[in-house]
Amino acid sequence: MKIKSLEIIVILSALALTDTCRAGLQWEQTQIELHPALGAATAVGTFKYKNTGGSVIHFKSVTTSCGCTTAARKKDEVAPGETGEITATFKVGTSTGVQQKTVRVETDDTAAPVTVLALRAIIPQMLELRPSFVYWEDSEPAKPKTIIVKAAKELHTDSLKVSSSSNEFTTSVSSTGQNEFKIEVQPRDTSHPVSAVLTVQPDSGGKPIYATARVVNPTISAQ
């Protein structure tokens, strides 16, 4: 019985040693959620790892799901017991809302040759337009129409700058309460089709957002 028990211990030890040798990169987390500050240019996530195996692991490639995201590593190989990290950077640009990006990591680790890292960035929207498109039908009375602008409370803006790409439309801005504004848009004439892009921007600076004003004929507006 003692010999049999010894055999079992040896087998279990060998299996444990085999598992240890075969184990590869262990990641602290493969999914990160980021909440960048209002107006931030980038959202950066760091994925940390450790080589828990008994052999050196080499990176073959690290690629991202889109051109707006980059991934950087500081080393091409990871020795047993060594730690490291991959930094993923998402360029915010004009993006708002929830942005899902991935980083595909390929190594020569036979146990797990491919790992997909997920970066979830929640980008705050500085301004929200309701609606973002106003129109008048051909020969409709040239009365003003309203766009309500809701500003993020972190923005701390007192007024908005609104400009029109066409002098066929006039605009005026007024505050309707805390973090909310009203834009009155009015065409000079509705007897012919015309359109304009309205640029809306906080007076404190920051990224603009856009609305559209248009005079259309009844056929176009019905489509």
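How many helices and strands does the secondary structure of the chain come to? It comes to two helices and 17 strands, where helices (H or I, at least four residues) and strands (E, at least two) are DSSP runs numbered from the N terminus. Keep in mind that this is a predicted model, in which local features need pLDDT of at least 70 and side-chain atom pairs count only at pLDDT 80 or more, while totals for chains, interfaces and linings use all residues. Residues are numbered from 1 along each chain as its sequence is written, and side-chain values use heavy atoms, with hydrogens and water left out.

Take contacts (heavy atoms within 4.5 Å) between residues at least 6 apart in sequence: 64% of them join residues at least 24 apart.

Now for the cores. A nonpolar core is a set of buried Ala, Val, Leu, Ile, Met, Phe, Trp, Tyr and Cys residues joined through side-chain atoms within 4.5 Å. The largest one has 22 residues, and Leu127, Ile147, Val149, Phe169 and Val185 have the most contacts inside it. Strands supplying at least two residues each include S10, S12 and S15, and S16 gives the most, with four. Ile147 touches, among others, Leu129, Val134, Phe181, Ile183, Leu198 and Ala211, leaving aside residues up to four places away in sequence. Apart from this core lies another, of 21 residues, among them Ile32, Val62, Val92 and Ile123.

| Pair | Sense | Bridges |
|---|---|---|
| S11 and S17 | parallel | five bridges |
| S16 and S17 | antiparallel | seven bridges |

Val134 has Ala213 in S17 as its bridge partner, and Thr199 stands opposite Tyr210 in S17. S16 and S17 also make a hairpin with six residues between them, and Gly205 in the turn has a positive phi of about 95 degrees.

Finally, the largest pocket. It is lined by 17 residues, with Thr94, Ser95, Thr96, Lys207 and Ile209 nearest its centre. On a 1 Å grid over the protein atoms alone, a pocket is an open set of points where a 1.4 Å probe fits, with protein on both sides within 12 Å along at least five of seven lines; lining residues have an atom within 4 Å of a point.

Notes: Buried < 20%, exposed > 50% of the residue type's maximum accessible area, 1.4 Å probe, protein only. Pairing = 2+ DSSP bridges.
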